[in-house]
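Biologist: Hi! Could you walk me through this one in plain words?
Modeller: Happy to, here it is.

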Amino acid sequence: RTLSLYVNGVRMSSSLLLAPTGGWNSMRDSKAGAVNLVAGTNRIRLQRDGSDIAAADIDKLTVTLAAA
């Protein structure tokens, strides 16, 4: 399963790969990798584009600061 990752309206170079969990009661963490954000407000969007495979349910999105 894949979803496309957009930051401030720009599609990032690769889709986010989401491995199947095996059922509705199972959760799994996936990492999108590093993206650059601008100071202030940023719009992050996961969406299914035509090139993506199947669909996924997203319960939570966490953004963390990369170590310097």
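Biologist: Where does L16 sit?
Modeller: L16 lies in strand β3, residues 16–17. Strands (E, at least two residues) and helices (H or I, at least four) are DSSP runs, numbered from the N terminus. Before we go on, this is a predicted model: local features need pLDDT of at least 70, side-chain atom pairs count only at pLDDT 80 or more, and totals for chains, interfaces and linings use all residues. Residues are numbered from 1 along each chain as its sequence is written, and side-chain values use heavy atoms, with hydrogens and water left out.

Biologist: New topic: how many salt bridges does the count come to?
Modeller: The count comes to 1 salt bridge, meaning a side-chain nitrogen of Lys or Arg within 4 Å of a carboxyl oxygen of Asp or Glu. D49 forms a salt bridge with R11, and the closest N and O atoms are 3.3 Å apart. The pair links distant parts of the chain, 38 residues apart: R11 is in strand β2 (residues 10–11) and D49 in the segment after β4.

Biologist: Why can side chains like that pair?
Modeller: Side chains of opposite charge can pair when their charged atoms come close.

Biologist: Are those two buried or exposed?
Modeller: A bit of each: D49 is buried at 15% relative accessible area, whereas R11 is partly exposed at 33%.

Biologist: Last one: which residues make the nonpolar surface patch?
Modeller: V35, L37, L61 and V63 make a nonpolar surface patch of about 330 Å². Patch residues have over 30% relative accessible area and no salt bridge; like charges are joined within 9 Å, and nonpolar side chains (Val, Leu, Ile, Met, Phe, Trp, Tyr) within 5 Å. One of the four, V63, is exposed, with a relative accessible area of 52%.

How values were computed
Areas by Shrake-Rupley, 256 points an atom, 1.4 Å probe, with all protein chains shown as cover. Buried < 20%, exposed > 50% of the residue type's maximum accessible area, 1.4 Å probe, protein only.
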